[in-house]
Amino acid sequence: MRVYALHAGLIVLLFALHFLLPAYHHGNLARVMVLASYAIGYNILFGYTGLLSLGHALFFAAGLYGMGLGIQHLGLAPAPAFLLGLVAGAVVSGGLALLALRTSGVAFMIVTLMFAQAGYLTLLYFGTYTRGDEGFVIAQASRALWGIDLSDPGNRYLAALILFGTCLLLSLWLVRTPFGRVLVAIRENEERVRMLGYDTFAHKLAAMVISGTIAAAAGAGYGLLFGYAGATFASVQYSIFPLLWVLLGGAGTVLGPFVGTLFMFYLIDLSSGITTAYMLIAGVVLVALTLFAPQGLMGEVRRRLWKGLP
Amino acid sequence: MLLSTRGLSKQFVGLRAVDSVDFDLPEGEIRALIGPNGAGKTTLVGMISGRIAPSAGRVIFDGRDVTALPAHRRIALGMAYTFQITSVFARLSVAENVALAARRRLKGSAVGSAVEAALDRVGLLPRAGQEAGDLAYGHQRLLEIAMGLAQRPRLLILDEPTQGLAEGEIEAFKTLVREVAQESTILLIEHNMRVVMELANRITVLNFGAVLAEGTPAEIHLNAEVQAAYLGGVSDAAAG
Amino acid sequence: MDLGPYLVLATLEGAVTAAVLALTAVGLSLVFGVMRVVNIAHGEFFMLGAVIAWALAHGLSGHPAVGFGVALVVAPLVVGALAVAADMTILKRLDYDPERTIVATIGLLYIIQQLTLMGYGPDARPVAAPFNTRLAIPWFEKGAEGWQMIWPWGLGTTSYKLAVIAAAVAVLCAVWALMARSRIGLVMRATQSDREMALAFGIPVERVYALVFGLGAGLAALAAVLIVPIQQAHYLMGADPLLLSFVVVIIGGLGSLPGTVVAAVLIGLSDGIISVFFSPTLAKILATLLVGLVLVFRPQGLFGKRGG
């Protein structure tokens, strides 16, 4: 089917680029792939279920610190540490969901924002363990997964590709299941979905946990691959980023998160060469998107070229 | 009895919208619920379906007390509800709208067949691929009914289904309802008296939140109190 | 210092915080009350007030009171005008859709903040207060001969800080008078009550919205001008006022002005006290959790009405 060809094709393309890209872009793309996985997680909740969270950094950081602290303080090997990061993400997102899903709309946005901020501040408060804003380096030796040194750029890229590929195909599968279709319907008209006999609260809860766990996977992956954990990843900025990436790439499309992350990454990369105020670009793009193109790049593609694009 | 209510009431601040209604609906019947505007029909049906929480009273469906159950659980037990103000998924296709209704009970290829069957019965099959929001108003109402049908409900609640339909569409609607009544019990809120008189087996009349009268169309037609409540509207509409 | 005097000191400092917070939060509350939108860039309007105050004080030679006095008038007007422009170009086009407005104001936050970084730089710069006499505060101690008045070292405030409190009270009264007694206030309250009816009565709703948005921003800027001689102007200084204003407005009840003021006093005082006795980070953690929990369990706050 064309759809699977397109998405698998992207993964194949990224694999090919492993051999073709110069070192600078090779490293960038590894980073982009991990961050795009974060965006994919965000998109499940925002693009497909229609819930705008301003606190996803909490889940990303849960994965990052679950993994990082697991290695640093519990002496875990990379694989169990990664799993710990996933579990942390699932627990935190489930807990927040039980609270935040009692609200909707603007209140939901603010509640998620507030709890994420509290999380960030707590990381700072317990700086003795977490090293706060300064963060801590995860030693190269601790990042050898089954004998493979993850700090090596080649291994790192391929690991990032595996993480991204898994998240991409997972989200493609998910949104086409009956469960995924109900999420879309909830986004469109929640009351109607209720009156068709679906437990919308349970669906939203599941969506939030899935979204948070994928975000945590990205966080844990980021720490493992780039060897650093810092409280900045829990700050508001890292909650705004996935929103920005998904909006730009196309909310509610499977490829959108990757497109948006790639685009924004290079946009910021280029502008930080010009000024320290590179977040200005983020601000301008956000305003421009909400005003002129709320459906994003892949959203436009879906509207004009390929109606059935998932 | 498929559906019963006992002492069902709804009190808003300063207004008793539904006043201690005892209601029985046997299986297989087409029951019409009529009354002047503000009589409490939609509120009563809201409490039956679970959209509105009652202030007092009980709802019994298929022998089970469902008063404490949330709406989605009651729907899952076999009720289906079509909205008074059409509430379809405007940006999804007609087929997907019905598919969502069907998927709660069916899986895989069975969904597609059920969707086709439901759309065919209401006459919307040629428009299956269209965006639901692009449909004409009358067709959106038919889509609502198709969504109800796809659930194969024990009880189908239709809230003012003919509102805004043209004459020909109303005729087609009546034929459809008679057909569906062979599989489902129908509770119909309606203002169009001709439709009510021609379709209903029994009629319940609400006024100021309480049951004013209940009986066959002929009995209701002759009921002086009902006529008074409608200020002569019933007899006029029935006559021509 | 003993606990008693320390508490008095913390309360005085908290009162100054509360005064400035009340002004800022009222600005946010007005905007939400009348326009039903949440302005995430509100803290940046605050920051701009402080930065403009510095620019004026720095640029105008002479006694600090001159520069400060000018800033007190000019900064709110400039920031207010900027806000009006933002409303007419961005918010109006989004039709004041709540979710899209939040995203757009986040973008606006970054634009204002980063442009300030580019123009003003990353440093914190002080502004001299127009007057600043130290005032020692007495404390009472029971000695051998009964109650005695002592003057603990460190227990004091300044005339300027007292003036800030007085100014804030004055402005809040003026705002209340505006809303409750003037024609413009009546128009604003009508628009808040029922937008459709206001339109039907020929009220230029869009102009009212622009005015309210400008007024909200102006209040924040004014608050910043008042606090900048005590604090210092820095391009990131908008974050804390934003958070605290949020806490105040949500606890006080979105759209309720008296609630906002009471909550500001409570939050300002307790934030000051917790910061002094524990850590500022802990105070912030508690504040953020409080907002979150209030929104989940008691969304109408202390004074707001359900569904408001």
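Predicted model: local features only at pLDDT ≥ 70, side-chain atom pairs only at ≥ 80, totals over all residues.

Six strands make an open sheet with mixed pairing. Which strands stand at the edges? In chain B, these are β6 (79–82) and β10 (210–215). Each has a single partner strand, so one side of each is left without a neighbour in the sheet. On average, neighbouring strands are turned by 15° against each other, ignoring direction.

Next, β7 of chain B, residues 155–159. β7(B) runs parallel to β6(B), joined by four bridges. In that pair, B:Tyr81 has B:Ile157 as its bridge partner. Five bridges join β7(B) to β8(B), residues 185–189, and this pair is parallel too. Here B:Leu155 is partnered with B:Thr185, and B:Leu158 stands opposite B:Leu188.

Is β7(B) mostly covered or mostly open? Mostly covered: five of its five residues are buried. In general, side chains in a regular strand alternate between the two faces of the sheet. For β7(B), one side carries B:Leu155, B:Ile157 and B:Asp159, and the other B:Leu156 and B:Leu158. All of these are buried, so both faces are covered.

β7(B), helix α6 of chain B, residues 167–180, and β8(B) make a β-α-β unit. That unit is right-handed.

Conventions: Residues numbered from 1 in each chain as written. Chains lettered and ligands numbered in written order. Pairing = 2+ DSSP bridges. Helix = DSSP H or I, 4+ residues; strand = E, 2+ residues; numbered from the N terminus. Axes fitted to C-alpha atoms, helices over the stretch in contact; angles between N-to-C directions. Buried ≥ 20, exposed ≤ 12 C-beta atoms within 10 Å, placed from the backbone. Right-handed = clockwise from strand over helix to strand, strands pointing away.
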